[in-house]
Amino acid sequence: MKLEIKDLWISVNGKQIIKGLNLDINKGEIHALMGPNGSGKSTLANALLGHPKYKIENGEILLDGIDLLKLKPEERAKKGLFLAFQYPLEISGVKFSNFLFSVMKKYDHELNIVKFKQKLNETLKKLNLDENFPNRELNYGFSGGEKKRAEILQLLMINPQLAILDETDSGLDIDSLKLVAKAVNNLRNPNFSCLVITHYQRVLNYLKPDVVHIMVDGNIVLTGDYELVNEIESKGYENIKELV
Amino acid sequence: MEEILQINKGYEEKYGFKDDVESTIKTQKGLNEDVIKEISKYKKEPSWMIEFRLKAYGIFKSKPMPQWGANLNEINFDEIIYYASPSDKKSNSWEDVPEYVKKTFDKLGIPEAERKFLGGVGAQYDSEVIYHNLRKDLEEQGVIFTDMDTAVQKYPDLVKKYFGKIIPMGDNKFAALNSAAWSGGSFIYVPPNIDVKVPLQAYFRINTKNFGQFERTLIIADKGSKVHYIEGCTAPIYSSDSLHAAVVEIVALEGSNVRYTTIQNWSPNVYNLVTKRAFAYKNATVEWVDGNLGSKITMKYPSVFMMEEGAKANILSVAFAGKGQHQDAGAKAIHLAPNTTSTITSKSICKDGGRTSYRGLLQVAKGSTKVKANVTCDALILDEISRSDTYPTMKIHEQDSSITHEANVGKVGEDQLFYLMCRGLSKAEAMSMIILGFIEQFTKELPMDYAIELNRLIQLEMEGSVG
């Protein structure tokens, strides 16, 4: 799935956050988006899925040539777009497995409960999650790490064509991080694209992105290959700004 | 957001239909001593009951309309028909039930439910219980499940001992009205140490326009017994209002366990003003599971009086108020003995200008030491035009009570909706999921079929209201 973002301007509560951003992600590529706090990375992630709080002032977002801005969040999801939330929301009283089954039925109308349970159990193992985990309420009372792993659990179950991971690595201990990165790596195929938003090199060591972007103050200021990650790590964002 | 859809979308076809059949017997509009005598005469009641009715009528007339809660001033007592009967006999086989009544209850799924998971069923159509049946094995164990009118004739000693003793006729204006004009309702007696493992159910249906339904239910659980009773109610949608003023009395003797589940889904033109009270004796447990979806106005505060040591009360309620509805509901836990425990959990949802009020009383009398009481009320407001209030009253007269009270008012967050929509759910589906999660504590206490039906009703509501 090819994502094209052209001259995108986004405001939140009247404040301009994204300022003329351009980004192309080709089918089968993994891109990393790095940048200091407040540079607009999460705004971009949420706007890609159509959060009503983020107002698109100008620009275009195309997914395989389809105008994404005309679609509701659920329609974007059904087109193959997935967002792993930085702060997953707690929904009390809703059993995780019931939620996930309702969701999965959206993508596969034929899905039956036996097939679902089978896939769920396999996926839980991959993430080293207990088989009782899906009996808990959706994100309710989860630890930070559990929330992040639950997002990846959904990602693996839904198997989208373009996944956005919004700081999935923060809050994960090193073992969990490895599991998550390994699981996402396993999704790598010519039809799967991914945008990994992060502050840290750590996760990228495992994921090995094809392209790395540095975002500062609402725009991508630098794009390069994996080498750029090392440069950031040694010099920091402040010095990168000077490079630009 | 344009959310002006009628509460209970889908009610019309599922429950809102009416039978265009004139009742066999019907009193004139309005209530007076002659009408009361006529009802009583028709029922061939003993003289003590007619005296009871007339005395109650006097109290009803003397009591002003209550002004402390929902607005009841539009009720016109002179326009109401107080008694209407579709048939002049009761039956315990469906074959004998009049065809149109049978069709109604068939549509509502009553006989099907009976076959599937109930131990006994009563079905009341307007004033009279037209069908009653109890499983043979329960009957053989000495369980009595019949309509209240039959009980007056057949079990006068039990009835005289408890009828009107838990809720005196002068308790409030509508209890007085019920005491004067009552007809139908269930009578249950469970002998000592009998565990009625399957629920008993009564279904209440109003069909006549401008009608007042005043059923009267009395449940007596003898020592160490256990019973679960379920009540469901619906009515057609008329342009004019109907009144449902029931009285429910429960006596839970030592060590017994009574659960009373209600799913009230009246059409949005019914005033639902019900008095429900239980006396729980030594180590007895009474549970009210009370769901209020329908009606124009509901005022209902299921109560448990913990009379002796070790008694327990558990009152769990859900109220859903849509356009033009006011659900003024709550609970009362009255601790009259030491070591008694109560838990009140109230969940309410309002939308499209609907209003929910929680009104509760927690009382610990002098001498009731080591009481534990826990009150939680959670309200969910779905839009800017709806309203939710909490009116808790506490009268605690013992220092060593352990009391907790928690009240939360929330809105469905934009971020929560967005989260679920990002997974492929529509806004209406996301909203339903959040609401069903909110009341899950309630639904999980219902028998499976009721839980499914309740969830389905709420989903229907949400489909209609989210654009």
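Let's start in chain A, where four strands form an open sheet in the order S2-S1-S4-S5, with antiparallel pairing. Strand S2 (15-25) and strand S5 (66-67) of chain A are at the edges with a single partner strand each, so one side of each has no neighbour in the sheet. Keep in mind as you look around that this is a predicted model.

- Strands of a sheet pair through backbone hydrogen bonds, and the pairing can be parallel or antiparallel.
- Eight bridges link strand S1 (residues 3-12) of chain A to S2(A) in the antiparallel sense.
- To find a spot in this pairing, look for A:Val12, which stands opposite A:Lys15 in S2(A).
- H1(A) lies across S1, S2 and strand S4 (54-63) of chain A, and runs at about 70° to S4(A).
- Helix H1 (residues 41-49) of chain A is largely enclosed by the rest of the structure, because nine of its nine residues are buried.
- Among the buried residues of H1(A) are A:Lys41, A:Ser42, A:Leu44 and A:Leu48.

**Where chain A meets chain B**

- On chain A, 22 residues are in contact with 17 residues of chain B.
- Helix H2 (73-78) and helix H3 (96-107) of chain A are the elements giving two or more residues to the side of chain A that touches chain B.
- H3(A) gives the most to this side, with five residues.
- By class, the residues on the side of chain A that touches chain B are 13 nonpolar, five polar and four charged.

- Strand S3 (residues 120-125) of chain B is mostly covered, with six of its six residues buried.
- In a regular strand, the side chains alternate between the two faces of the sheet.
- Both faces of S3(B) are covered: B:Gly120, B:Gly122 and B:Gln124 are buried on one side, and B:Val121, B:Ala123 and B:Tyr125 are buried on the other.
- S3(B) and strand S4 (residues 128-134) of chain B run antiparallel and are joined by six bridges.
- Within this pair, B:Gly120 has B:Leu134 in S4(B) as its bridge partner.
- The hairpin of S3(B) and S4(B) has two residues between the strands, and B:Asp126 in this hairpin takes a positive phi near 55°.
- S3(B) also pairs with strand S7 (residues 200-205) of chain B, in the parallel sense and over six bridges.
- Here B:Gly122 stands opposite B:Ala202 in S7(B).

- The domain assignment of chain B gives domain 1 (11-300) and domain 2 (414-467).
- The centres of these two domains of chain B, taken over C-alpha atoms, are separated by 31 Å.
- Eight residues of domain 1 of chain B are in contact with eight residues of domain 2 of chain B.
- Helix H5 (110-117), strand S13 (257-264) and strand S15 (285-292) of chain B each supply at least two residues of the domain 1 side that touches domain 2.
- That side of domain 1 of chain B has six nonpolar, two polar and no charged residues.
- The largest nonpolar core has 211 residues, and B:Ala252 and B:Ala280 touch the most other members.
- This core draws at least three residues from each of domain 1 and domain 2 of chain B.
- Leaving out residues up to four places away in sequence, B:Ala252 touches several residues, including B:Ala221, B:Val258, B:Phe279 and B:Val286.

Methods:
Residues numbered from 1 in each chain as written. Chains lettered and ligands numbered in written order. Predicted model: local features only at pLDDT ≥ 70, side-chain atom pairs only at ≥ 80, totals over all residues. Contact = placed C-beta atoms within 7 Å. Nonpolar A, V, L, I, M, F, W, Y, C, P; charged D, E, K, R; others polar. Buried ≥ 20, exposed ≤ 12 C-beta atoms within 10 Å, placed from the backbone. Pairing = 2+ DSSP bridges. Axes fitted to C-alpha atoms, helices over the stretch in contact; angles between N-to-C directions. Core = buried A, V, L, I, M, F, W, Y, C linked by C-beta atoms within 7 Å. Domains from an automatic or database assignment.
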